[in-house]
Amino acid sequence: MNDLTSLTQAKLIQRLFRDEDIEYIAFVTSSWHFLSAQSTIAWLKKKKHIKKGIILVCEHPTDGQIIEEKMLFRKWFPDQETYMFRFTTLASDNEVRQYVIGHPNIGKPFYIMRPVMPKLEFSAHLCDRGARKNIVHIVLEEGMASYMRDWKGWIFEEKKNQDLFTLWKQFSYRTWKKYIYAEMLKRRNEYIENTLFVTVKGKLVPNRRAISYLKGTIESLKDTYDFSRYKSYDGSVIICTQTYSDQNLISGNADIQVVKECCRRANKMGYHVIIKPHPREKNLRKYEGLGAEIDICNAVPLEAILAQTEPKPRCVIGITTTTLVSAHLFWKIPALSIARLIKREAYSKEIIGDIDNYCNTFSSFVKIPTSTENIFF
């Protein structure tokens, strides 16, 4: 196992003072963030002619470093460095507010990439120190969770682990402050959404630039992995599972019963079925005996496998996994969500709002049947 060198926040700021040729940094945690960052950098290099930059890998709160290693240690660009990173000194709420309201733009643009929303506490600190004074924030693709997250479910989940002051602070940053600050930064041309979807006149629409570059980045992995062991994916039905049951967010194996029915119908129609468990899923024995191949190897991201299949899979099935939408956007692979086939009472209070939001938001891209009779392949 390879280990990344750590770069402290103090050392990072020193580097930025010493080397004015560093034109971007990207904060990433997951493989999906990492791919979104590399696709965004490819766009910046082509359109903005940037050169040198740094990828900063932040640990997952419970699972540590989770980015797939071959992808992480691949040479993406000759002038790019990668380090482990942890935030330390950050600006106060008042300093962030003052930064957003009116800071001078001095020097050439410096791009900071991060999923979900900018870390303005860091940007304000960086600007105050004088390391960079013309910061452009780019929001990276997080996955479907960022579009479907229900604030009531989030509060219900987080209140078990947070005091009220911390909960309110995080809630305000994720809701009204996020949108107000984003609008203020947009007016200053300091905010770019390089996500798969953007909101236009209150409606979520595909972001063709982000889709094109992310698809190209994923397809470029063809020389990184050995795809010969994934030939069984060609023309198959792929079922992507999630960690809902492991997290006690779905009770009574209600999801497994629906997966079992999907396998039965696919087998009856003569299709090969592959169950692709979530990389952080623990209990995989529950998928045994369902009439499907279980691919427990997580050495290659599923999107990278889908990119190399020929013919493409007959269908991709899941609950709310990002792959359903990305498979449709990138390769027009039919996608089916079983979210409405799982009994509503089996969902916990934390996610019922998320499930509703997903179904309402992505029904134009993913088939969401309400009866097992409507399952298609």
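Buried means under 20% relative accessible area, exposed means over 50%, and partly exposed lies in between. The structure discussed here is a predicted model.

Q: Which accessibility class does Arg188 belong to?
A: The relative accessible area of Arg188 is 25%. The class in between begins where buried, under 20%, ends, and exposed requires over 50%. Arg188 therefore counts as partly exposed.

Q: Which residue forms a salt bridge with Arg188?
A: The closest N and O atoms of this pair are 3.1 Å apart, and a salt bridge requires such atoms within 4 Å. The partner of Arg188 is Glu190.

Q: Is Glu190 buried or exposed?
A: Glu190 has 1% relative accessibility. The limit for the buried class is under 20%, so Glu190 counts as buried.

Q: At what N to O distance do the side chains of Glu193 and Lys186 meet?
A: Glu193 is partly exposed at 28% relative accessibility, and Lys186 is partly exposed at 32%. Their side chains meet in a salt bridge, with an N to O distance of 3.7 Å.

Q: How many residues apart are Arg280 and Asp63?
A: Arg280 forms a salt bridge with Asp63, the closest N and O atoms being 3.1 Å apart. The pair links distant parts of the chain: Arg280 lies in the loop between strand S10 (273-276) and strand S11 (293-294), and Asp63 in the loop between strand S2 (52-57) and helix H3 (69-73). Arg280 counts as partly exposed at 32% relative accessibility, as does Asp63 at 34%.

Q: How many salt bridges does a search of the whole structure find?
A: One network of salt bridges links Glu261, Arg264, Arg265 and Glu373. For the whole structure, the search finds a total of 18.

Q: Which residues have the most contacts inside the largest nonpolar core?
A: In soluble globular proteins, nonpolar side chains tend to be buried together. The largest nonpolar core here has 93 residues, and another core, of 30 residues, lies apart from it, with Ile13, Phe110, Ala131 and Tyr181 among them. Not counting residues up to four places away in sequence, the contacts of Leu196 include Trp32, Met144 and Phe330. The residues with the most contacts inside the largest core are Leu196 and Ile338.

Q: Which residue stands opposite Ile25 in S4?
A: Strand S1 (residues 22-28) and strand S4 (residues 110-115) pair in the parallel sense over 3 bridges. The residue of S4 opposite Ile25 is Ile112.

Q: Which residues does Thr224 touch, not counting residues up to four places away in sequence?
A: Thr224 lies in the loop between helix H10 (208-219) and strand S9 (237-240). With a relative accessible area of 17%, Thr224 is buried. The residues that Thr224 touches are Lys70 and Arg74.

Q: How far apart in space are Ser251 and Pro118, C-alpha to C-alpha?
A: Ser251 is located in the loop between S9 and helix H11 (254-268), where Ser251 is partly exposed at 41% relative accessibility. Ser251 and Pro118 are 133 residues apart in sequence, and their C-alpha to C-alpha separation is 35 Å.

How values were computed. Residues numbered from 1 in each chain as written. Predicted model: local features only at pLDDT ≥ 70, side-chain atom pairs only at ≥ 80, totals over all residues. Heavy atoms only, no water. Helix = DSSP H or I, 4+ residues; strand = E, 2+ residues; numbered from the N terminus. Buried < 20%, exposed > 50% of the residue type's maximum accessible area, 1.4 Å probe, protein only. Contact = heavy atoms within 4.5 Å. Core = buried A, V, L, I, M, F, W, Y, C linked by side-chain atoms within 4.5 Å. Pairing = 2+ DSSP bridges.
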